[in-house]
Amino acid sequence: FAAATIKHVLVLVRRLFNLAGKWGLYQGANPVKGVEMPKLDNQVTEFLSDEELSRLLDVLDNWPFRDTAAFVKFALLTGMRRGEIFKLTWDAVDFERGMITLAAPKGGKTTTLPICREALEVIEGLPRSSQFVFPGKGGKQRTDFKGPWQRIKKAADLPENFRFHGLRHHFAST
């Protein structure tokens with residue numbers, strides 16, 4: 001198990017024993033009290049080499065499913081999280097000012113971000129068959145992108161362990 005997983009389990013068990021003691025359901029000492037928490041170094045920073053980026057862009061330019069290619073390209077050009085792209089609606093995109101409003105992103109507060117012209121061009125040509133820019137089945141909010149990402153990643157010959165979130169890291173590093 002990863003160090004973070006072990007730490008999460010230990011923290012949970014410690015809390016359970018503390019609560020049980022507080023509620024009078026357990027009288028002994030907390031057995032996790034003396035356990036040393038593992039040091040965390042699970043940070044994974046990913047970015048694409050110039051060759052990998054070139055292969056990915058070639059694959060995206062020739063990908064038969066324009067919406068999935070646009071999804072990846074948009075992520076690469078904006079640095080947005082996958083979930084933020086899932087939630088993105090057309091009314092949150094201001095094409096004139098080059099801005100996107102993210103309602104309740106991971107940080108919690110609604111945020112307006114400037115985005116580059118290339119990112120806007122990626123979504124301008126998409127059909128507006130739903131309120132969502134990248135809709136899922138039946139026009140509802142998309143909830144998964146694993147299958148398309150795995151196929152695109154394989155076609156571009158990217159490392160097997162390169163995650164979709166790595167596009168966000170790549171954006172930040174470039």
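Guide: In this predicted model, the side chains of R97 and D94 form a salt bridge, with 3.3 Å from N to O. R97 is exposed, because its relative accessible area of 60% is over the 50% limit for that class. D94, in contrast, has 23% relative accessibility and counts as partly exposed. As a general point, side chains of opposite charge can pair when their charged atoms come close.

The search of the whole structure finds 5 salt bridges. Another of them joins the side chains of R81 and E84, at 3.1 Å from N to O. R81 is partly exposed, with a relative accessibility of 26%. E84 is buried, because its relative accessible area is 11% and buried means under 20%.

A further salt bridge brings together K73 and D61, whose side chains meet at 2.6 Å, N to O. This pair links distant parts of the chain: K73 belongs to helix α3, D61 belongs to helix α2 (residues 50-62), and the two are 12 residues apart. D61 is partly exposed, at 44% relative accessibility.

Helix α3, which spans residues 66-78, also contains T78. T78 is buried, with a relative accessible area of 11%. The side chain of T78 reaches the backbone nitrogen of M80 at 3.2 Å. Apart from neighbours within four places in sequence, T78 is in contact with I115, A119 and F171.

Definitions and conventions
Residues are numbered from 1 along each chain as its sequence is written. This is a predicted model: local features need pLDDT of at least 70, side-chain atom pairs count only at pLDDT 80 or more; totals for chains, interfaces and linings use all residues. Side-chain values use heavy atoms; hydrogens and water are left out. Helices (H or I, at least four residues) and strands (E, at least two) are DSSP runs, numbered from the N terminus. Buried means under 20% relative accessible area, exposed over 50%, partly exposed in between (1.4 Å probe, protein chains only). A polar contact is a pair of N or O atoms within 3.5 Å; within protein, one must be able to donate a hydrogen and the other to accept it, and residues adjacent in sequence count only if both atoms are side-chain atoms. Contact means heavy atoms within 4.5 Å. A salt bridge is a side-chain nitrogen of Lys or Arg within 4 Å of a carboxyl oxygen of Asp or Glu.
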